[in-house]
Amino acid sequence: MDYLVFMYYLCGYATAILLSACIIVIIMSEPYPVVLRDEKEKYFVPSNGVSIPCPLISNKATLDLSIVIPAYNEEERLPVMLDECIEFLENKSTLSNFSYEIIVVSDGSKDKTVDVAQKYVNKLGTEKMRVLELVRNRGKGGAVRLGIQSTRGRLLLFADADGATRFSDYDKVEKGLFDLLHTDDRSLMEDELAISIGSR
């Protein structure tokens, strides 16, 4: 009989501990991690002296595609990648009704990454390209996250600044998304969630 009483109390304590742990996890959990931004990180690098506030990903999408390019000390490799990227996107936009933006996120770069990217902004304009300069290095994940949170596109893509992936493969990745969502109409994708991953 003492054994049954012992087991009864043991199960009660175990249940109380498990329930307490679950309550703590629920209280401390948030649906999305809070990402704190420095005040400077709430604006894109000024073009012609005018700072542009970063949009929120929760706003209604106004473009077909946003490309986020995390970059840390990429002044040498970034131009090659951007040239290919822009050529592909410009061709795609002239062949169809396709809108895009490129966001280069300088992840606390110590070199001329921001200056190099800003030259492309000056060529394309701030509707098509912007530079987000992080005050300190957040790592690739942090740079991608802050860039993604500052997008205006229905589809979001991140690409490495080293040009390891060819932009001509974008159509394959997009087709994968369309297949998942059973549509090829970008405007119908506004409230849908899907992910398509391309690997080199």
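This is a predicted model, so please keep that in mind as you go.

**Exercise 1. Classify Arg 154 as buried, partly exposed or exposed, then do likewise for its salt-bridge partner.**

Step 1. Arg 154 has a relative accessibility of 26%. Buried means under 20% and exposed means over 50%, so Arg 154 counts as partly exposed.

Step 2. Look for the partner: the side chain of Arg 154 forms a salt bridge with that of Asp 64, at 3.2 Å from N to O.

Step 3. Asp 64 has a relative accessibility of 9%, so this residue counts as buried.

Step 4. Now place the two along the chain. Asp 64 belongs to strand 3 (residues 63-71) and Arg 154 to strand 6 (residues 153-158), and the pair links distant parts of the chain, 90 residues apart.

**Exercise 2. Find out how exposed the two residues of the salt bridge between Glu 39 and Lys 42 are.**

Step 1. Locate the bridge: the N to O distance between these side chains is 3.4 Å.

Step 2. Glu 39 has a relative accessible area of 49%, which makes it partly exposed.

Step 3. Lys 42, at 37%, also counts as partly exposed.

Step 4. Glu 101, Glu 127, Arg 130 and Arg 152 are linked in a network of them.

**Exercise 3. Decide whether Lys 92 is buried or exposed, and find a side chain that it meets in a polar contact.**

Step 1. Find Lys 92 in helix 2 (residues 78-95).

Step 2. The relative accessibility of Lys 92 is 14%, so this lysine counts as buried.

Step 3. A polar contact of 2.9 Å joins the side chain of Lys 92 to that of Asp 171.

**Exercise 4. Explore the largest nonpolar core and say which element gives it the largest share.**

Step 1. Start with a general idea: in soluble globular proteins, nonpolar side chains tend to be buried together.

Step 2. The largest core here has 30 residues, and Leu 65, Leu 82 and Leu 89 are among those with the most contacts inside it.

Step 3. Elements giving two or more residues to this core include strand 3, strand 4 (100-107) and helix 5 (170-181). Helix 2 gives the largest share, seven residues.

Step 4. Zoom in on Leu 89: among the residues it touches are Ile 67, Phe 98 and Tyr 100.

Step 5. Another core, of 12 residues, lies apart from the largest one and includes Cys 54 and Leu 146.

How values were computed
Residues are numbered from 1 along each chain as its sequence is written. This is a predicted model: local features need pLDDT of at least 70, side-chain atom pairs count only at pLDDT 80 or more; totals for chains, interfaces and linings use all residues. Side-chain values use heavy atoms; hydrogens and water are left out. A salt bridge is a side-chain nitrogen of Lys or Arg within 4 Å of a carboxyl oxygen of Asp or Glu. Buried means under 20% relative accessible area, exposed over 50%, partly exposed in between (1.4 Å probe, protein chains only). Helices (H or I, at least four residues) and strands (E, at least two) are DSSP runs, numbered from the N terminus. A polar contact is a pair of N or O atoms within 3.5 Å; within protein, one must be able to donate a hydrogen and the other to accept it, and residues adjacent in sequence count only if both atoms are side-chain atoms. A nonpolar core is a set of buried Ala, Val, Leu, Ile, Met, Phe, Trp, Tyr and Cys residues joined through side-chain atoms within 4.5 Å. Contact means heavy atoms within 4.5 Å. Lists of a residue's contacts leave out its neighbours within four places in sequence.
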